[in-house]
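I opened my notebook for a quick look at this chain. Here is what I looked up, entry by entry.

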Amino acid sequence: MNSPKADDFRTPDLYFAAYLQVAGVNMVRTERNGSGKVTFVFDTSISNIDELKHAWFSQTGKVAALPFANAIKSLKSICHMP
């Protein structure tokens, strides 16, 4: 497993992770805890995660629908891998 970096941002929220991916934030890895729950880890060194978080939680963030749907499908497949 990769060691944590200061620029890493973690979220267990699949939909937020899909939003970040489509918004251009690089997902560097996933982490799975002992019960199998997946956490998505993003490198935010070149992204303003605070602005993206604000946009997501204030429901003002905009991303293209089809790439967002495809990102959700892709991340779900990661979650369901053994």
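Surface first: I took accessible areas from the Shrake-Rupley method with a 1.4 Å probe, and for residues only the protein chains shown count as cover. I found that the protein chain exposes about 5300 Å², with carbon and sulfur atoms supplying 55% of it.

A note on the source: this is a predicted model, where local features need pLDDT of at least 70, side-chain atom pairs count only at pLDDT 80 or more, and totals for chains, interfaces and linings use all residues. Residues are numbered from 1 along each chain as its sequence is written, and side-chain values use heavy atoms, with hydrogens and water left out.

Next, the fold. I read the elements as DSSP runs, numbered from the N terminus: helices are H or I with at least four residues, strands E with at least two. The protein chain has three helices and three strands, in the order β-α-β-β-α-α from the N terminus.

Then I checked burial (buried is under 20% relative accessible area, exposed over 50%, partly exposed in between; 1.4 Å probe, protein chains only). Of the 82 residues of the protein chain, 32% are buried.

Last, I went to helix 2, residues 49–57. Which of its residues are buried? I49, L52 and A55 are. They lie on the same side of helix 2, because they cover an arc of only 125° around the axis, taken from the directions from the helix axis to the C-beta atoms. I noted D50, E51, H54 and F57 as exposed on the face turned away from the buried side. The buried residues of helix 2 pack against strand 1 (8–11) and helix 1 (14–22), with contact meaning heavy atoms within 4.5 Å.
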